[in-house]
Amino acid sequence: MNGVFDLAGTDGVGPVIVPEKEPVFRAEWEKAVFPMFAMCFRAGFYGVDQFRHGIELIDPAVYLKSPYYEHWVHTVEHYGEQLGKLDMAELDRRTEHYLANPDAPLPEHADDPGLLAFIEAVVPAGASAKRESDKVARFKVGDVVRVDRSAPKGHTRRARYIRGAVGEIVLAHGTFIYPDTAGNGLGENPEHVYTVRFTNEELWGAEHAEPNGSVYFDVWDPYIELVTPTATTTEGVSA
Amino acid sequence: MSAQIRTQEEIAARVKALESMLIDQGIMTTRAIDRMVELYEHEVGPQLGAQVVAKAWSDPDFKARLIEDATEACKELGISGLQGEDMVVVENSDTVHNIIVCTLCSCYPWPVLGLPPNWYKDPQYRAAITREPRKVLRESFGLTIPEDVEVRVWDSSSEMRYWVLPQRPAGTEGWSEERLVELVTRDSMIGVGTVAAVA
């Protein structure tokens, strides 16, 4: 979908502010939100692509002005409600309760050794989006390609600033979950992923581009079409 | 969805309410929350990426393996995990300066750098770094990249996680890995800084 989250090249948002030092979590509530990503994933709320799409659906004014981890609250609520795992009226009622009584305790509950074991296992192991597939790669390193400039309404990683742009494939990574289906609840459908190099001039126009630079952007196979095949027989890097 | 911007107090109450409902369903426990926070506050952070960089500076064979397959090379040092399942290290040189970003959300190589700083996730960095990287580095990070050095910005749009192998500073010949580790900063592995030369 076209949205404000797709920020590359947006002008007028102001300078990057870099504090001298800041903690990993800036507020206590952030510490409760961060683990929700992994624990609600385990509970079947969403895949990673859906998690991102839930954030993209936030009201644009709120998206730009709210603290980062509040975005995660929105997406957890979005899928919790959609799956019938969260009663939103009850959530509102409890919110009022904690607003009036910030120090009121959380519900009594027992430890869950299985959940702790999951955390200890998943943090170092991760959950790769790489998938085996017998799909043949349509492109190879050295090919010059153009990005599809259509504007889908659901989740995609085809950012606006590279749509329609022409670049050269510099890396080929193998097959991964396809966000344009997975993020829209339509299954993993693995596709080949490539890194495409776009010159600054191609993206912004010679008049506006900084000199001597490029952007490297990852695309899935269906995002691109061939402009000029590579003249060489260079094989792609397979990660 | 409402366009209301919440105060910190309102967010805190909303989060506590949500947390309480997830606890009631057995999806979260306070002990598991505390453990997850502890991991990313104290165990998974840029000190791990610094170890990898120092080893790459000291051991040419390891560096070759790191450039070939960063995920596997990091596993040799026991470094792996969430949001770094498929990593690519890009090397700075006298002619190339690399920078990472995620313009669409906040993708970042957690196993080697920990959780991203807020400026990395803020709209300002994500908006400007692909369009005016030299200006952003100069004005917000005090780093000037000479015009004859090519700037490559890696926009982490897929699940590949890019990060930067900074240049080893002059004056560190013969240094041990343990000493080199201390020089490597988080910002140098994002590409918004360099490792300062040793006097």
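Visitor: In chain A, what share of the contacts between residues at least 6 apart in sequence join residues at least 24 apart?
Guide: With the caveat that this is a predicted model, the share in chain A is 70% of the contacts between residues at least 6 apart in sequence.

Visitor: And chain B, counted that way?
Guide: For chain B, 72% of the contacts between residues at least 6 apart join residues that are at least 24 apart in sequence.

Visitor: What are the dimensions of the two chains along their principal axes?
Guide: The C-alpha atoms of chain A fill a box of roughly 70 × 45 × 35 Å, and the C-alpha trace of chain B spans about 55 × 35 × 30 Å.

Visitor: Switching to secondary structure, how many helices and strands does chain A have?
Guide: Chain A has eight helices and five strands, and read from the N terminus on they follow the order α-α-α-α-α-α-β-β-α-β-α-β-β. Chain B, for its part, comes to 11 helices and four strands.

Visitor: Where are the domains in chain A?
Guide: Domain 1 covers 28–125 and domain 2 covers 144–228, with 31 Å between the C-alpha centres of these two domains of chain A.

Visitor: How many residues are in contact between them?
Guide: Six residues of domain 1 of chain A are in contact with six residues of domain 2 of chain A. On the domain 1 side of that contact there are three polar and three charged residues, and no nonpolar ones.

Visitor: OK, sheets now. What is the strand order in the seven-strand sheet?
Guide: The open sheet runs β5(A)-β1(A)-β2(A)-β3(A)-β4(A)-β3(B)-β2(B), with mixed pairing, so that strands β5 (224–228) of chain A and β2 (96–101) of chain B stand at the edges, each having a single partner strand and one side without a neighbour in the sheet. Ignoring direction, neighbouring strands of this sheet are turned by 35° against each other on average.

Visitor: Which strands join up where chain A meets chain B in that sheet?
Guide: Strand β4 (residues 213–220) of chain A and β3(B) run parallel and are joined by five bridges, and within this pairing Val215(A) stands opposite Val153(B). On chain B, β2(B) and β3(B) also run parallel, through six bridges, with Ile100(B) having Trp154(B) as its bridge partner in β3(B).

Visitor: Is β3(B) mostly covered or mostly open?
Guide: Strand β3 (residues 150–155) of chain B is mostly covered, since five of its six residues are buried.

Visitor: What about an antiparallel pair?
Guide: Strand β1 (residues 144–147) of chain A pairs with strand β2 (residues 166–176) of chain A in the antiparallel sense, over three bridges, and Val144(A) has Glu168(A) as its bridge partner in β2(A).

Visitor: Last topic, then: which residues touch the most other members of the largest nonpolar core?
Guide: Within that core of 115 residues, they are Val33(A), Met36(A), Val53(B), Ile99(B) and Trp163(B).

Visitor: What does Val33(A) touch, leaving out residues up to four places away in sequence?
Guide: Val33(A) touches Tyr69(A), Trp72(A) and Val73(A), and also Val15(B) from chain B.

Terms used. Residues are numbered from 1 along each chain as its sequence is written. Chains are lettered from A and ligands numbered from 1 in the order in which they are written. This is a predicted model: local features need pLDDT of at least 70, side-chain atom pairs count only at pLDDT 80 or more; totals for chains, interfaces and linings use all residues. Helices (H or I, at least four residues) and strands (E, at least two) are DSSP runs, numbered from the N terminus. Two residues are in contact if their C-beta atoms, placed from the backbone, lie within 7 Å. Domain bounds come from an automatic or database domain assignment. Ala, Val, Leu, Ile, Met, Phe, Trp, Tyr, Cys and Pro count as nonpolar, Asp, Glu, Lys and Arg as charged, and the others, Gly among them, as polar. A nonpolar core is a set of buried Ala, Val, Leu, Ile, Met, Phe, Trp, Tyr and Cys residues joined through C-beta atoms within 7 Å. A residue is buried if 20 or more other C-beta atoms lie within 10 Å of its own, exposed if 12 or fewer, and partly exposed in between; C-beta atoms are placed from the backbone. Two strands pair if DSSP finds at least two bridges between them. Axes are lines fitted to C-alpha atoms, for helices over the stretch in contact, and angles run from 0 to 180 degrees between N-to-C directions.
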